[in-house]
Structures are given as C-alpha cells and as structure tokens.
Amino acid sequence: AIHAARSDARCVLHCHSDAGAAVSAMKCGLLPLTQTSHIVGKVTYHDFEGIAVREDEKARLAAAFVPPSRALILRNHGLLTAGQTVGEAFMMMYLLDKACRMQLGAMAGGIENLHFPSEIAAQRSFETAASFNREGFGTKELNALMRLLDREEPSYRW
C-alpha cells in the first residue's frame, strides 16, 4: 500500500519492537521529548483495525502516511518507516525505535516530571541533523553496518 501511494518510498520497513508497540498504545503517541525524536521529524498515525491483511485497509493506511512524514506509528501495533534508500528507511527505524525507548525511560519518572523543549529547539534539531547528511540520510550508517557485518559474519553473502 505504501509503495503504491508514495513514489518517495522506495524502501519500507516495519517492526514490532517492544518500545515501538508500547508507544503505539499510548494516547499521546511519540512525544517531542528528545533530540532523537526531533530528528525523526513529523510522525503520522494509523488506528489499529486488527491484523493488517484486508484489502480495504490499504487505502486508509496509505492516506495516513503522507509526506513529509517518513515515520508512521501503527496504533496498538508497531512502527513503519519509509525512505528513498534502504539506508534512509533503516536509519529512520533506528531513530524512531530509539526515541520510543527514550520516551518510555523518561516517562518512568512520571509524566509530571517531563520537560518539553521548545518547538523552535525541536525544529532546529531537525534542520541541523538534515544538514549533516549531504550523502543521503542513513548512507554512512548503513555502509558502516555493512562493513561490520562483512567483518563479523561474511557468510550472509552468497
């Protein structure tokens, strides 16, 4: 559904991480608490309709995941990210899951103890992080991980 609806979504990733599923079940969703959540940028949401296998849900799923969002939280389910490259989609998933883990940790101290940075600071974080990626978002990170995999477990290559 996402590939058909978004030409910029050349790679789509989906996971059911513990932190992602937990945040997906929160009314508040992902909060703009940390620099990591700011780098993720705009997050969109799709309400849970049961296990996503029905044809009629595809249009609603695609309609929920509109640009410029590269991160979709599937309510009571998990996380989905998209990118123009595998590296971009992977890095978005890594950051989205990390932001969820950070939020759960921060919320353990009680919601009344949370400190929210200003919207200006959040926007600056997003813009600054975007300027660091002239080679393409996630490219350096994916290349580094592939080198590590080549070194540690070369048997994955056929």
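Hi everyone. Before I start, one definition: two strands count as paired if DSSP finds at least two bridges between them. Keep that in mind, because strands S2 and S3 are joined by 4 bridges, and the cut-off is at least two. These two strands run parallel. One more thing before we look around: what you see here is a predicted model.

Let's stay with S2 and S3 for a moment. If you want a pair to find on screen, look for His-46, whose bridge partner in S3 is Leu-74. How does the chain get from S2 to S3? It crosses through helix H4, and this β-α-β crossover is right-handed. Helix H4, residues 57-64, lies across S2 and S3, and it runs at about 160 degrees to S2.

Now let's step out to the whole sheet. It is an open sheet of 4 strands, in the order S1-S4-S3-S2, and the pairing is mixed. Which strands sit at the edges? They are S1, residues 11-15, and S2, residues 43-46, and each of them pairs on one side only. On average, neighbouring strands are turned by 20 degrees against each other, ignoring direction.

Next, the antiparallel part. S3 and S4 pair in the antiparallel sense over 4 bridges. Our friend Leu-74 turns up again here, standing opposite Gly-78 in S4. The hairpin of S3 and S4 has 3 residues between the strands, and Asn-76 in this hairpin takes a positive phi near 55 degrees. On to S1: 5 bridges join S1 to S4, residues 78-83, and these two run antiparallel as well. Here you can look for His-14, which stands opposite Leu-80 in S4.

Is S3 buried or exposed? Both of its faces are covered. Ala-71 and Ile-73 on one side, and Leu-72 and Leu-74 on the other, are all buried.

Last stop, helix H5, residues 86-107. It lies across S1, S3 and S4, running at about 150 degrees to S4. H5 has 22 residues and reaches 31 Å from its first C-alpha to its last, close to the 32 Å expected. Its buried residues include Ala-89, Met-92, Leu-96, Ala-99 and Gln-103. A handy rule for reading such a list: an α-helix has 3.6 residues a turn, so residues three or four places apart point the same way. And what do the buried residues of H5 pack against? They pack against S1, S3 and S4, and also against helices H2, H3 and H7.

Note on methods. Residues are numbered from 1 along each chain as its sequence is written. This is a predicted model: local features need pLDDT of at least 70, side-chain atom pairs count only at pLDDT 80 or more; totals for chains, interfaces and linings use all residues. Side-chain values use heavy atoms; hydrogens and water are left out. Axes are lines fitted to C-alpha atoms, for helices over the stretch in contact, and angles run from 0 to 180 degrees between N-to-C directions. Contact means heavy atoms within 4.5 Å. The expected span of a helix is 1.5 Å times one less than its number of residues. Buried means under 20% relative accessible area, exposed over 50%, partly exposed in between (1.4 Å probe, protein chains only). A crossover is right-handed if, with the strands pointing away from the viewer, the path from the first strand over the helix to the second runs clockwise.
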